Every structure is written in structure tokens, then in C-alpha cells.
Amino acid sequence: GDYGSAMTRGNPDGGSQGRPKGVPRANVQQLKLMGQGHPTGLTPNLLKLFEARPMLEHKPPVQKRKLPAYTG
């Protein structure tokens, strides 16, 4: 069959999806510079999602109280 027919149907630019026309592509140098902040290459806003939470404060164990016996 024709592989491109479903994607080109109703789309005058041939079915390309992604960035709109006129928006420049990021070049390799820009991508390398973006990933220099952390060894994983994640951006600061993504790294913030994976930060550790602050330590919990220590509380003494709850004292159990003596309950009355079952009666029936």
C-alpha cells in the first residue's frame, strides 16, 4: 500500500509533524551546552523534581494505654 497516504491526507505540507515553520532547529553545539550542567544532562527544572526531601524530625514512640477487658 501507500505508506504516506494516511499522513498526507488533509495536510498540505506532506504530513510533517513537530515544530512549526520558521522555528529553527537546535544545533548540536546548543544541545551540548544545555547538557553541561549535570552529569545526567538533565536541565535544572527537571533536576528539581528529583531532589531529596528534607529529613523528618524524630518523635518518640507513641505510648500505648491499657484498654479495659472485653465484656459481653
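Me: How many salt bridges does the count come to by this rule?

Reply: One salt bridge is counted. Keep in mind that this is a predicted model. The general idea: side chains of opposite charge can pair when their charged atoms come close. Here, lysine 59 pairs with glutamate 57. Their closest N and O atoms are 3.8 Å apart. That counts because the cut-off is within 4 Å.

Me: Are lysine 59 and glutamate 57 buried or exposed?

Reply: Both lysine 59 and glutamate 57 are exposed. Now take the whole chain. Of its 72 residues, 1% are buried. The accessible surface is about 8000 Å². Carbon and sulfur atoms hold 58% of that surface.

Me: Which residues make the nonpolar surface patch?

Reply: Leu42, Leu46, Leu49 and Phe50 make it. The patch covers about 420 Å². Take leucine 46 as the case. Its relative accessible area is 36%. Buried means under 20% and exposed means over 50%, so leucine 46 is partly exposed.

Me: Where is leucine 46 found?

Reply: Leucine 46 sits in helix 3, residues 44-49. The chain has three helices and zero strands. Read from the N terminus, the order is α-α-α.

Me: What does UniProt list for residues 41-72?

Reply: An unreviewed UniProt entry lists them as "domain: U1 small nuclear ribonucleoprotein of 70kDa N-terminal". Such annotations may be inferred rather than shown by experiment.

Technical notes
Residues are numbered from 1 along each chain as its sequence is written. This is a predicted model: local features need pLDDT of at least 70, side-chain atom pairs count only at pLDDT 80 or more; totals for chains, interfaces and linings use all residues. Side-chain values use heavy atoms; hydrogens and water are left out. Helices (H or I, at least four residues) and strands (E, at least two) are DSSP runs, numbered from the N terminus. Buried means under 20% relative accessible area, exposed over 50%, partly exposed in between (1.4 Å probe, protein chains only). Accessible areas come from the Shrake-Rupley method with a 1.4 Å probe; for residues, only the protein chains shown count as cover. Patches are made of residues with over 30% relative accessible area and no salt bridge: like charges are joined within 9 Å, nonpolar side chains (Val, Leu, Ile, Met, Phe, Trp, Tyr) within 5 Å. A salt bridge is a side-chain nitrogen of Lys or Arg within 4 Å of a carboxyl oxygen of Asp or Glu.
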